[in-house]
Each structure stands twice: as C-alpha cells, then as structure tokens.
Amino acid sequence: MKAISKSTKLAHVLYDIRGPIMARAKQMEDEGQKLIKLNIGNLAAFGFDAPEEVQLDMIRNLPNSAGYSDSKGIFAARKAIMHYTQSQGVQGVTLEDIYLGNGASDLIAMATNALLDDGDELLLPAPDYPLWTAVASLSGGRPVHYLCDESKGWIPDLDDIRARITPRTKGIVVINPNNPTGAVYPDHVLRELVAIAREHGLVLLADEVYDKVLYDDVRHTALASLSTDVVTLTFNSLSKSYRACGYRAGWMVVSGDKASARDYIEGLDMLANMKLCANVPGQWAIQTALGGYQSINDLVAEGGRLRQQRDLAYELITAIPGVTCVKPQAALYMFPRLDPEIYPIRDDRQFFLELLEATRVMLVQGTGFNWPSPDHFRIVFLPHESDLREAIGRVAKFLGEYRDRQEAKTRMAGIA
Ligand SMILES: Cc1ncc(COP(=O)(O)O)c(C=O)c1O
C-alpha cells in the first residue's frame, strides 16, 4: 500500500510539551505506573477549580448555545472584553475589534495565517511558548528567535531584536507575562518594543494570557496601552486566570492604527467567518469571569496556594547543586538552568526521557521551548506542596546520581 505521509509544512513544527516524552509517559501509565506530571499548565487537573459563578452562568446559558453565534462572538462577551480592555488603558477599541476563539491558541493561529506570506519572518522570543513558533512555520512564515536575557531576569534583548529585523520581518511576538520563564517585562522595555515596531512598521502580537497570575505585587502593563498607532493584537483567555482551559474561551483584540491595517483586518475577518464561530458555551462564561470578584487574586496573594507553591518549588529547585533559576514573578512555571560544567548534557530531550523513566516525574526540556542550548528545563508548580516536594526530591536524587557518575568519569580519566 502507498504510504501516507504528513505534510512537509510540519517539518519545522515542534511541540514537545505534548511530544515524545508525553508519548513515553502515556506508555508508562498504560503499564500502571503513577506519574507526577510537571509538564503542562492545566490548572483544573491539580484541583484549581474554575469560579463557581462562571460555571453556573455557562450552565444557565447552555440552552441558548446550540446555534452558531456571530463569527466574532456573542455581544455580551465582546462587550465585557471591551470594558476590560478600556480598564487596562487601551484606547479606541470597539466591538468590531474583538474576536472570540477556541482559546487563545485558535486566534494565535488565525493571526499568523492572516499575516504571513511564504518566507515572511516573525520575531519570537527564545525561550518561547512553542505554539507560536509552530504556527508561524505552519503559516508558511519563518520563525526568527530573539533572545531573552537570563542575566537580566529574562527580559527581551532589544539589540538582538533590532539585529534580526530584515525587509521580510512582519511582526514581533511578545509573551508577557512569560511562559516558560515567569518574567514580567518592565514598562521601559515594552516602550522600546513599541518604538521598534513603529520604526519598522511591524505588527505587535501580545500574548497576555497570564496577565492576572502575578506574584509579589508586580504590575502588568498591557502592551496595547502604550500606543495608539502601532497595530497591536492582544491575546487572552479564560484558561489561566480563570482556571478554565477546557472551556476553550479565548479572545483577540486589535488596536492601534486600524486604517493602516485594513487589508490585514479583512484577512482576519475572512478567517473568522470561515470557522463560523468559537465554542458557544465557553463564550457565555466570559462576561461573568471578567466582572466582579476576581478569585485569582487570592491564589497569588501572600499565603495563596499558587504563591506558596511557587515559593516552595523555587526553594527546592535552587537548593540542588548546579541548578540556578530566576524567580518567576508571574504565571505557573520556572525555567531553571543546569550548569553545563556540572551537567554536560548533549541531548536534553533524551536526558529528560531518562529522568522520566527513572523518577516517574515528567518535565519538558528547554529545547522544547526553542531555547538554543540543552541546559534548561521547565517545571510547572501546580501540584500540591506534598507532591511538589516528592517530585523535586526525586529530580534532586536523579541529578545527584548523574553528578556522581560524572565525578567517577572525571576520576577515571585522571587515572588514565
Ligand atoms: C503563553 C501562552 N499562550 C497561549 C496559551 C494557550 O492558551 P489557550 O488555552 O487560551 O489556548 C498558553 C497555554 O499554556 C500559553 O502558555
């Protein structure tokens, strides 16, 4: 029989968060092994429930949800998003500038598809949230990674961004607050990004799905609030701040000089019409979520569950010899560094596959986030404290055994 192969468009697509390590983990679970999964930011799986009022309002509106909605989404949700956007200081946004989708992911793919011609370049952070690189490449574009600087708390290296702009560059992706590093960018960096986009006529694509998952009283500034001219697409959803990623309720807001982007917006409208509409029950959750009491604030405040787990994970991880980490100020992740002098890892995917098999703890290697060297990994700090202690304890033991083996090798080489 003729073999059926996947499209060559997938050749550069990398999605290791659900990749080979995940496949091995599934096999281990099928064999009856119990794993601790620190690989994915799925809050509900760790007992972080969506707000009850949001659930109830979605249930109440289920009878009104069987038909297609407007392709951009229902009025009530878009109005609530419009007000939220205004409260962030973003100017000039109307209902027509708001698109609802099946999570931010859906709209990220739509925005890159509508923007990129074959060979067009999109600037993306390294490390990145790998969906961005994947969809840029699937759209026919060329993902070009700019470095975020670990020595400066993982903020984007602006000189590196400037150096990578070519006549084919169409936009800059800014993930703030950041996954996987947990960084929140200061205003002066955001203003510089706006200035660079303005100077080169680039679109800003601002992924802000963690804008309410903030620790230590850090403030988040919406990128779109810093200009009225630079065309900015902002992505957000109920997935993280409202612990409802399964509802697949996301939105995209277009701001800035929309007249200059008329053709692009026409493309966005075409794609929105083609997918008919986003999941309607999820759309009904948005208005209730965005208004009233914000329970996420309790989780991230001093003594709150997320804050405590972040502190514990940071303390335990950085106590391991040769492991350093910038303390995350936001989101659900840390991106620790394994000192290459102590851990001379060549293939980090293989290393974390071996770690999974030895410890039954699932992590994602740094190169899975398009980080250029095999010396980082991402850890999700969603499990309860006792599970975090258990998981990081096992990782520490595995790394200790690795160090012992390395030392033995060095001794042997000395004797020889
Ligand atoms: C930075 C970032 N953007 C987008 C998404 C996707 O979010 P959604 O569930 O709204 O599609 C995630 C999910 O983890 C994320 O971390």
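Visitor: Let us start with a pair of strands. What is the bridge partner of Ser-237 in E9?

Guide: This is a predicted model. Ser-237 sits at the end of the range given for strand E8, residues 232-237. Strand E9 covers residues 249-255, and the two strands run antiparallel. The bridge partner of Ser-237 in E9 is Gly-250.

Visitor: How many bridges join strand E8 to strand E9?

Guide: Strands of a sheet pair through backbone hydrogen bonds, either parallel or antiparallel. E8 and E9 run antiparallel. The number of bridges joining E8 to E9 is six.

Visitor: Which are the edge strands of the open sheet with eight strands?

Guide: Read the order across the sheet: E2-E9-E8-E7-E6-E3-E4-E5. The pairing in this sheet is mixed. An edge strand pairs on one side only. The edge strands are E2 (98-102) and E5 (155-156).

Visitor: At about what angle to E2 does helix H8 run?

Guide: Helix H8 spans residues 262-274. This helix lies across E2, E7, E8 and E9. Its angle to E2 is about 40 degrees.

Visitor: Now the ligand. Which residues come nearest to the ligand?

Guide: The shell around the ligand has 14 residues. By class, six are nonpolar, five polar and three charged. The ones that come nearest are Ala-104, Ser-105, Asp-207, Tyr-210 and Ser-239.

Visitor: How far is a polar side-chain atom of Asp-207 from a nitrogen atom of the ligand?

Guide: Take the oxygen atoms of the ligand as well. One is 2.7 Å from an N or O atom in the side chain of Asn-179. An oxygen atom is also 2.8 Å from an N or O atom in the side chain of Arg-248. For the polar side-chain atom of Asp-207 and the ligand nitrogen, the distance is 2.6 Å.

Visitor: What percentage of the area that the ligand exposes alone does the protein bury?

Guide: Start with the ligand taken alone. It exposes 400 Å². The share of that area buried by the protein is 94%.

Visitor: Which residue does a cis peptide bond join to Asn-179?

Guide: Asn-179 is the residue with a side-chain atom 2.7 Å from a ligand oxygen. Omega for the cis bond is about 20 degrees.

Visitor: Where does Pro-127 lie?

Guide: The peptide bond from Ala-126 to Pro-127 is cis, with omega near 0 degrees. Strand E3 covers 121-126 and helix H5 covers 131-138. Pro-127 lies in the loop between E3 and H5.

Visitor: What is the phi of Leu-276?

Guide: Leu-276 is in the loop between H8 and helix H9 (280-290). This residue is not a glycine, although its phi is positive. The value is about 70 degrees.

Visitor: One last pair. Which residue in E15 stands opposite Val-364?

Guide: Three strands form an open sheet in the order E11-E15-E14, with antiparallel pairing. E14 and E15 (residues 377-380) pair over two bridges. Opposite Val-364 stands Arg-378.

Conventions:
Residues are numbered from 1 along each chain as its sequence is written. This is a predicted model: local features need pLDDT of at least 70, side-chain atom pairs count only at pLDDT 80 or more; totals for chains, interfaces and linings use all residues. Side-chain values use heavy atoms; hydrogens and water are left out. A residue is near a molecule or strand if one of its heavy atoms lies within 4 Å of it. A polar contact is a pair of N or O atoms within 3.5 Å; within protein, one must be able to donate a hydrogen and the other to accept it, and residues adjacent in sequence count only if both atoms are side-chain atoms. Accessible areas come from the Shrake-Rupley method with a 1.4 Å probe; for residues, only the protein chains shown count as cover. Ala, Val, Leu, Ile, Met, Phe, Trp, Tyr, Cys and Pro count as nonpolar, Asp, Glu, Lys and Arg as charged, and the others, Gly among them, as polar. Two strands pair if DSSP finds at least two bridges between them. Helices (H or I, at least four residues) and strands (E, at least two) are DSSP runs, numbered from the N terminus. Contact means heavy atoms within 4.5 Å. Axes are lines fitted to C-alpha atoms, for helices over the stretch in contact, and angles run from 0 to 180 degrees between N-to-C directions.
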